[in-house]
Amino acid sequence: MNAADSGFPICPAASADATKGRAGETVLARIGNTPLLRLDALVPDLPGIELLGKAEWYNPGGSVKDRAAANIVCEAQRAGKLAAGKILLDSTSGNTGIAYAMLGAALGFPVTLCVPENVSEERKRILQAYGANIIYTDPGEGSDGAIKSARLLAGRDPDLYFYADQYSNDANCGRII
């Protein structure tokens, strides 16, 4: 199956229409291209030095992790790994999971996340608001326990899940197409 047959909007590199929105830009079009901020006050005694910082909180999910998640999703779509009938599965304790959930809500694919139960209430509410299926894991095992749970689920039903595996995924380079 190719990306065009995935059953949900695909990434910009695969379809120019994916970045067009009726009332504004789509989520994918908003990821990246964050502004550079001048931080000259931090280097006042260094003439000729210009210090700039990326304002990654301008990404729609509020984090630089939006870039990595979008790249993982887009690469999976291009490769036919994240297509109709597949659920994006990964372990997370934070911002990458929020980005997956946001992308799933925007593009119409289901997301299941294995998350240590002791993540903040705010993160839990955000993931729930985006409609992610959350599997809480033993807080004493931390991220390792969430990873084990995700691997177990992916191994049990590889036809149901696209296991994004953010920690080992070559597409997790933080770049957007």
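Trainee: Which residues are buried in H5?

Mentor: This is a predicted model, and buried here means under 20% relative accessible area. Helix H5 covers residues 142-156. By that cut-off, the buried residues in H5 are Gly145, Ala146, Ile147, Ala150, Leu153 and Ala154.

Trainee: What covers the buried residues of H5?

Mentor: The cover includes several strands. Among them are strand S3 (87-91) and strand S4 (111-116). The others named are strand S5 (133-137) and strand S6 (161-163).

Trainee: How far apart are the end C-alpha atoms of H5, and what span should its 15 residues have?

Mentor: At 1.5 Å a residue, the 15 residues of H5 should span 21 Å. The computed separation agrees with this, because the end C-alpha atoms are 22 Å apart.

Trainee: Which residues of S4 point one way, and which the other way?

Mentor: In a regular strand the side chains alternate between the two faces of the sheet. In S4, six of six residues are buried. Val111, Leu113 and Val115 point one way, and the other way point Thr112, Cys114 and Pro116.

Trainee: In which sense does S4 pair with S3, and which residue in S4 is the bridge partner of Leu89?

Mentor: S3 and S4 are joined by four bridges, and the sense of their pairing is parallel. Within this pairing, the bridge partner of Leu89 in S4 is Thr112.

Trainee: Which residue in S5 stands opposite Thr112?

Mentor: S4 also pairs with S5 in the parallel sense, over five bridges. In S5, the residue opposite Thr112 is Asn133.

Trainee: Which helix lies in the β-α-β unit with S3 and S4, and which in the unit with S4 and S5?

Mentor: Both units are right-handed. S3 and S4 form theirs with helix H3 (residues 95-107). For S4 and S5, the helix is H4 (residues 121-129).

Trainee: How many of the 14 residues of H2 are buried?

Mentor: Helix H2 comprises residues 65-78. The buried residues include Asp66, Arg67, Asn71 and Gln77, as well as Ile72 and Val73. H2 is largely enclosed by the rest of the structure, because the number of its residues that are buried is eleven.

Trainee: What covers the buried residues of H2?

Mentor: Helices and strands both contribute to the cover. The strands include S2 (52-54), S3 and S6. The helices include H1 (27-30) and H3.

Trainee: Which residue with a positive phi follows H2?

Mentor: The phi in question is near 80 degrees. The residue that follows H2 with this value is Gly80.

Notes:
Residues numbered from 1 in each chain as written. Predicted model: local features only at pLDDT ≥ 70, side-chain atom pairs only at ≥ 80, totals over all residues. Heavy atoms only, no water. Helix = DSSP H or I, 4+ residues; strand = E, 2+ residues; numbered from the N terminus. Expected span 1.5 Å × (residues − 1). Buried < 20%, exposed > 50% of the residue type's maximum accessible area, 1.4 Å probe, protein only. Contact = heavy atoms within 4.5 Å. Pairing = 2+ DSSP bridges. Right-handed = clockwise from strand over helix to strand, strands pointing away.
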